[in-house]
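Student: Hi, I'd like to get to know this structure. Can you walk me through the model?

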Amino acid sequence: MRLDSASRWSLDDIPYDKIEIGLARQDPYLLYLIAAASFVEITSDLYSRNLISYFETQPALQQWLRSRWAPEEVQHGEALKRYVLTVWPSFDWESAYADFYREYMQFCKPELLGPTQALELVARCVVETGTATFYTALSRFTQEPVLAKLADLIRQDEVRHYHRFYHDFLALVTADGVGRLAVSRTLWERLAEVDQEDAYYAFKHVFLSVNPEKTFDKRQYQAFRRHYAPLFQQYFPYRTAANMFVKPLRLNRSVQRLSTRGLATGAEWAFRFLSQKGWLRRA
Ligand SMILES: [Fe+2]
Ligand SMILES: [Fe+2]
């Protein structure tokens, strides 16, 4: 079933019957990673309502959010959920998700959206940069071919979302009177916020569902991140991430090339340094 006629792929395009289940189960944390991602993606449904009402003066953007963006994000969650339930059929996805949703809802309020529409679109670009680069790394490092294919299909959607948000940002930025300083502040604020609540709570509720006899604390989440840190370090598309990140600053081409190169190198060094020190919290 296609969730939206405009979607470029559907769950029927994913060969779930060809998953190399033994290979997927070899990674002791893969269930946590994929189930947590499915929780966050499916919750876009709730978030999209806030976003659609926030952009009430932009009917074309609202229409795209309603008919394309939200169904595609939910489809990402549904596709990952089916992957989880194919490989780990005993995982109680519904009940773990219900617990996650209850806790996460308190962070998902319209007043947390940007002070202007243009700045909210900058924030959207940062989020799509995060998801696009996450799925790029996942599709590169996973040994399991069906997951690699699924991650790559999701990555392509996230890149398209980025371009649409960026396009609307360009259309609004002048009218909104938003300068480079405000854009760069939003970029850095959103970068600092990335992965604050959603990934943490998603992991927590997967963990509690898998280990009902244990109590949850931050150390389990840190162990999970330490497990993936070397893989993300090796396969993360630093250049692409830096390029997408600085694009809303609308620098001229040579400055953008220089800052992209500097940012990519800086991010890679920071990644190596922090992961070696064991301080890295963000996988
Ligand atoms: Fe997504
Ligand atoms: Fe997206």
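**Around the start of the chain**

Tutor: Let's begin with Ile19. Setting aside neighbours within four places in sequence, Ile19 contacts Ala24, Thr86, Val87, Glu144 and Val146. Keep in mind that this is a predicted model.

Student: Where is the place of Ile19?

Tutor: Ile19 sits in the segment before helix 1 (21–26).

Student: And how does Ile19 count, buried or partly exposed?

Tutor: Ile19 counts as partly exposed, because it has 18 C-beta neighbours inside 10 Å. A buried residue needs 20 or more.

Student: How far apart are Ile19 and Tyr83 in space?

Tutor: They are 8.5 Å apart, C-alpha to C-alpha. In sequence, 64 residues separate Ile19 and Tyr83.

Student: Okay, zoom out. How many helices and strands does the chain have?

Tutor: The chain has 12 helices and zero strands. Its pattern along the sequence is α-α-α-α-α-α-α-α-α-α-α-α.

Student: What share of the residues count as buried?

Tutor: Of the 283 residues in the chain, 37% are buried.

Student: What about contacts? How much comes from residues 24 or more positions apart?

Tutor: Take the contacts with a separation of 6 or more. Residues 24 or more positions apart account for 80% of those.

Student: Which residues of helix 5 are buried?

Tutor: Ala96, Tyr97, Phe100 and Tyr104 are buried in helix 5. They lie on the same side of helix 5, because they cover an arc of only 100° around the axis.

Student: Why would spaced-out residues point the same way?

Tutor: An α-helix has 3.6 residues a turn, so residues three or four places apart point the same way.

Student: What does the face turned away from the buried side of helix 5 carry?

Tutor: That face of helix 5 has exposed residues: Glu94, Ser95, Ala98 and Arg102.

Student: And what do the buried residues of helix 5 pack against?

Tutor: They pack against helix 2 (30–42) and helix 9 (198–210).

Student: New topic: the core. Which residues touch the most other members of the largest nonpolar core?

Tutor: Tyr32, Ile34, Ala36, Val122, Ala202 and Val206 do, out of 62 residues in that core. Helix 6 (residues 117–141) gives the largest share of this core, 12 residues. Apart from it lies another core of six residues, including Phe55, Trp64, Leu65 and Ala70.

Student: Who is Val206 in contact with?

Tutor: Leaving out neighbours within four places in sequence, Val206 contacts Leu31, Tyr32, Ala35, Ala36 and Ala96.

Student: Back to helix 6. How many of its residues are buried?

Tutor: Of its 25 residues, 21 are buried, so helix 6 is mostly covered. Helix 6 reaches 36 Å from first C-alpha to last, close to the 36 Å expected at 1.5 Å a residue.

Student: At what angle do the axes of helix 6 and helix 10 cross?

Tutor: They cross at roughly 100° and come within 9 Å, helix 10 being residues 218–235. That makes helix 6 roughly perpendicular to helix 10.

Student: Which residues meet there, in helix 6 and helix 10?

Tutor: Ala137, Arg140 and Phe141 in helix 6 meet Leu231, Phe232 and Tyr235 in helix 10. Arg140 is partly exposed, with 17 other C-beta atoms within 10 Å.

Student: One last residue. Is Ile42 buried or exposed?

Tutor: Ile42, in helix 2, is buried, because 21 other C-beta atoms lie within 10 Å. Not counting residues up to four places away in sequence, Ile42 touches Val74, Gly77, Glu78 and Lys81.

Note on methods. Residues numbered from 1 in each chain as written. Chains lettered and ligands numbered in written order. Predicted model: local features only at pLDDT ≥ 70, side-chain atom pairs only at ≥ 80, totals over all residues. Buried ≥ 20, exposed ≤ 12 C-beta atoms within 10 Å, placed from the backbone. Helix = DSSP H or I, 4+ residues; strand = E, 2+ residues; numbered from the N terminus. Arc of directions from axis to C-beta. Contact = placed C-beta atoms within 7 Å. Core = buried A, V, L, I, M, F, W, Y, C linked by C-beta atoms within 7 Å. Axes fitted to C-alpha atoms, helices over the stretch in contact; angles between N-to-C directions. Parallel < 35°, antiparallel > 145°, perpendicular 65-115°, else oblique. Expected span 1.5 Å × (residues − 1).
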